[in-house]
Amino acid sequence: MRPKTAYHDGLGDLFAEHADTSPYNAWIDRPALLDLAGEVTGRRVLDVGCGAGHHAAGFLARGAEVVGVDGSAALLRHARARLGEGVELRLHDLEQPLDFLGDASFDDVVCALMIHHITHRSQLLSELLRVLRPGGRLLLSTTHPTADWLHFEGSYHSSEWVDLGLGGSGVSIHYQRATLEVLLRELLGAGFVLDKLVEPRPGPGLREIDRERYERLSTAPTLLALRLVKPGN
């Protein structure tokens with residue numbers, strides 16, 4: 001059975017195209033996680049929920065060795081086209097343990113805009129802690145709880161599953177809302193130590209493309225990006 005959390009078939013193709021130029025992906029999320037990562041030359045990086053390979057491409061360009069994992073065959077086809085044959089890509093349901101990866105086998109894990117799609121988050125976070133070396137880092141992004149509250153309204157403390165339209169495509173993505181308190185409780189409860197939390201704004205290049213959207217996204221919350229560390233040396 002294919003995982004429900006992944007973007008399959010036409011949705012995967014549509015999301016791959018959307019992520020190329022979407023301000024949230026191209027001008028906020030990807031720059032934020034690369035900035036949190038800093039120098040990654042020679043580091044072994046797991047991109048969990050790698051999608052169409054956009055983040056992996058950025059880390060490869062900075063000299064990292066990247067392994068990508070995703071539950072969508074459609075998205076992995078796009079990742080393969082973007083990354084070439086030299087990168088290990090694995091089709092795997094992220095609701096299941098990462099039992100094909102060894103303990104303490106990565107320096108960094110990238111988890112970009114996918115944790116809110118996962119039902120068994122405590123299991124996944126436990127697995128990410130396991131595969132990281134002591135002192136290794138989890139670079140994670142997710143929707144901003146305040147942005148979700150403003151968009152969907154109702155209670156800020158809601159944990160409902162919601163559907164968010166994907167641009168003007170007429171299709172939507174499905175994920176679970178969470179407060180900042182819940183997010184941090186899950187991450188710290190899994191054993192990670194918070195190193196840095198940012199509320200990223202779009203890069204100035206967006207202003208040259210779409211000034212109105214740049215100004216709007218610069219004044220309203222959109223995403224959260226966090227750098228967490230596995231204790232140890």
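**Notebook: cavities, rings and loops**

I began with the second largest cavity, and its volume came out at about 100 Å³. The model I am reading is predicted: local features need pLDDT of at least 70 and side-chain atom pairs count only at pLDDT 80 or more, while totals for chains, interfaces and linings use all residues. Residues are numbered from 1 along each chain as its sequence is written, and side-chain values use heavy atoms, with hydrogens and water left out.

**Entry 1: the cavity**

I noted what the word covers: on a 1 Å grid over the protein atoms alone, a cavity is a set of points where a 1.4 Å probe fits but cannot get out, whereas a pocket is an open set with protein on both sides within 12 Å along at least five of seven lines. Lining residues have an atom within 4 Å of a point. Grid points are joined across faces, edges and corners, and the volume is the space filled by probe spheres set on the points.

I found two cavities of 30 Å³ or more in the structure. Which residues line the second largest cavity? Among them are Ile115, His116, Arg121, Asp148, Arg177 and Glu186. I sorted that lining into four nonpolar, four polar and four charged residues. Here Ala, Val, Leu, Ile, Met, Phe, Trp, Tyr, Cys and Pro count as nonpolar, Asp, Glu, Lys and Arg as charged, and the others, Gly among them, as polar. Strand E5 (132-143), H6 and helix H7 (180-189) each give at least two residues to this lining.

**Entry 2: the largest pocket**

I then looked up the largest pocket, which has a volume of about 780 Å³. Of its 32 lining residues, Ser22, Tyr24, Leu164, Gly165 and Leu223 are the closest to its centre. Two or more lining residues come from each of helix H1 (9-21), helix H2 (23-37), H6, strand E6 (161-165), E7 and helix H9 (211-219). H6 supplies the largest share of the lining of the largest pocket, five residues. The lining of the largest pocket divides into 16 nonpolar, twelve polar and four charged residues.

**Entry 3: aromatic rings**

I paired rings of Phe, Tyr and Trp (its six-membered ring) if their centres lie within 6.5 Å; planes under 30 degrees apart count as stacked, over 60 as edge-to-face and the rest as tilted. I counted two aromatic pairs by this rule. The rings of Trp149 and Tyr156 are edge-to-face, because their centres are 5.7 Å apart and their planes stand at 75°. The rings of Phe152 and Tyr175 have centres 6.4 Å apart and planes at 70°, so I put this pair down as edge-to-face too. Phe152 lies in helix H6 (residues 145-152) and Tyr175 in strand E7 (residues 172-176), so the pair ties together parts that are 23 residues apart in sequence.

Is Tyr175 buried or exposed? I used these limits: buried is under 20% relative accessible area, exposed is over 50%, and partly exposed is in between (1.4 Å probe, protein chains only). Tyr175 is buried at 1%, while Phe152 is partly exposed at 21%. Trp149, at 36%, is partly exposed, and Tyr156 is partly exposed at 22%.

I also checked charges over rings, where NZ of Lys or CZ of Arg must be within 6 Å of the ring centre and within 35 degrees of the ring normal. Arg44 lies over the face of Phe106, 4.3 Å from the ring centre. Arg90 has its charged end over the ring of Phe100, 4.1 Å from the centre.

**Entry 4: loops**

Most residues other than glycine have a negative phi. Ala104 is not a glycine, yet I found a positive phi of about 50°. Ala104 sits in the loop between E3 and E4 and is partly exposed, at 32%. Glu153, also not a glycine, has a positive phi of about 65°. I placed Glu153 in the loop between H6 and E6, where this residue is exposed at 55%.

Gln96 is in the loop between strand E3 (88-91) and strand E4 (106-112).

**Entry 5: the whole protein**

I counted nine helices and nine strands; helices (H or I, at least four residues) and strands (E, at least two) are DSSP runs, numbered from the N terminus. Of the 233 residues, 49% count as buried.
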